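Colleague: Please put the model up, and I will ask about a few of its local features.

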Amino acid sequence: MIQFPRPRELSNNMTDLMQKITSLAKRRGFIFPSSEIYGGFGSCYDFGPLGVEMKNNIKKAWWDEMTKTQKDIVGLDAAILMSPKVWQASGHLSAGFADKLVECKKCHKRFRLDEIKGKCPECGGELTKPRKFNLMMKTFIGSVEDKTSTSYLRAETCQGIYVNFENVLNSTRLKVPFGIAQIGKAFRNEITPGNFIYRTREFEQMEMQWFCQPKTADKFFDFWKKQRMKWYLNLGIKKENLRAREVAPKERAHYAKRQVDIEYKFPFGWQEIEGVHNRGDYDLSNHAKHSGQDLKYEGYFPYIIETSAGADRSFLTFLVDAYSEVKGGRTKTTEATKELEVLLKIHKALAPIKVAVLPLVRNKPQLVKKAKEVYQLLKTHFVTQYDELGSIGRRYRRQDEIGTMYAVTVDFDTLKKKDVTLRNRDTMKQERVKIDKLVECLKKQLLKTA
Ligand code: GAP
């Protein structure tokens, strides 16, 4: 069985926290190492049954925010493979999209220059002079592997949006300003992936490109920065763990006139989770030049304000922020002890399981039968789990650990009164609800904003 990597350079407490989170993720089916039966495959991960639910919830929350809550934004789903000319025009094949890399002369491990100081962090060996390393992932299209068949897996999803700017304009009645949103996979040949799913070579982006008049770009930049901060906060991220950092010119991406990184305070330090960029007319003018197409709108190139978030990084952010340990006793059973209980206090919109159905005991066939009926009733409306193994206290704890919002307990009174106990994860309040009102009641509670 392979181990998740130990995050580098963490204090013991912080290492412990990342260890606990990665082990919970594996044990409960949020995230597995890729190709594990073959010993794993360098920093690639698979989302398990709970992980895929939660990641879908994150993507849905983002998609709804962009295409429903905000105005004048339409969606797109472009191909991962594009003409290599796209990447020439975008600047990704040149030095702009490269990390500076150094190699240890002794152990030959490679590191990003910006991540280390002086000596090799692994063995203390001397380092080579930095050289540039392009991050594009190469592939070949068709049966011949040569220069003419070389293509690339997209390194950012937004290029699919730029090359469809005209198509979207011509097929909708949108006028500048408007936005195009897209969620999809992106690939980068990162030199030092790490910190669990924080930096991987295959990841998912949630990007929105806002096309506007140049003179309105500053106003929209501030607007989108605020909206994006609000999105994380509304989904429960603690205010003290989130900040927006203005990025200095020499640190900015090669296309950015202005850049603010939205950062989260991970156990391994403040790290970027989303970039807000003013890309000016960099992309449309370069694509116009390289393709020979007129990509102007009413005689000018619109400026682009981009919000670029990572679905995987958001996942890690929500997981870390929600993770808490409480002293025993939450479950209020005779077996309640003083040991630490894990509570994943994740926003209800993101919780992978919304409801758990638990028969009070499992050796009473009438209770089990009724509980299974209730489960069948709920599972077509909500992501629902049925659990009859172990004591009721232990089962509450298992559900708290994965952030299940509600637990429905079927007991002896249920058989007489046709009602169940509904327990709220956060308040631990229990109320009796008639079975025929349960779906409606849960829908109402899950939709409530507070
Ligand atoms: N289109 C702009 C763009 O791609 P970026 O700052 O390079 O900007 C945006 O990436 C977001 O994509 C990051 O804030 C992060 O959430 C995610 N991301 C980038 N590289 C990643 C990686 N190697 N692993 C996981 N997520 C990554």
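Modeller: This is a predicted model, in which local features need pLDDT of at least 70, side-chain atom pairs count only at pLDDT 80 or more, and totals for chains, interfaces and linings use all residues. Residues are numbered from 1 along each chain as its sequence is written, and side-chain values use heavy atoms, with hydrogens and water left out.

Colleague: In which strand is Arg423 found, and is Arg423 buried or exposed?

Modeller: Helices (H or I, at least four residues) and strands (E, at least two) are DSSP runs, numbered from the N terminus. On that numbering Arg423 is found in strand β20, residues 419-424. Buried means under 20% relative accessible area, exposed over 50%, and partly exposed in between (1.4 Å probe, protein chains only). Arg423 has 3% relative accessibility, so Arg423 counts as buried.

Colleague: With which side chain does the side chain of Arg423 make a polar contact?

Modeller: A polar contact is a pair of N or O atoms within 3.5 Å; within protein, one must be able to donate a hydrogen and the other to accept it, and residues adjacent in sequence count only if both atoms are side-chain atoms. At 3.3 Å, the partner of the Arg423 side chain is the side chain of Asp400.

Colleague: Where does Ser43 lie, and is Ser43 buried, partly exposed or exposed?

Modeller: Ser43 lies in the loop between β1 (31-33) and β2 (45-47). Ser43 is not a glycine, yet has a positive phi of about 55°. With a relative accessible area of 23%, Ser43 is partly exposed.

Colleague: Which loop holds Glu298, and is Glu298 buried or exposed?

Modeller: The loop between α7 (282-291) and β14 (303-310) holds Glu298. Glu298 also has a positive phi, of about 45°, although it is not a glycine. Most residues other than glycine have a negative phi. The relative accessible area of Glu298 is 66%, so Glu298 is exposed.

Colleague: What is the omega of the peptide bond from Val176 to Pro177?

Modeller: Pro177 lies in the loop between α5 (165-171) and β9 (178-187). The bond from Val176 to Pro177 is cis, with omega near 5°.

Colleague: Which residues touch the most other members of the largest nonpolar core?

Modeller: A nonpolar core is a set of buried Ala, Val, Leu, Ile, Met, Phe, Trp, Tyr and Cys residues joined through side-chain atoms within 4.5 Å. The largest nonpolar core has 58 residues, and those touching the most other members are Phe30, Trp231, Tyr232, Leu316 and Phe318.
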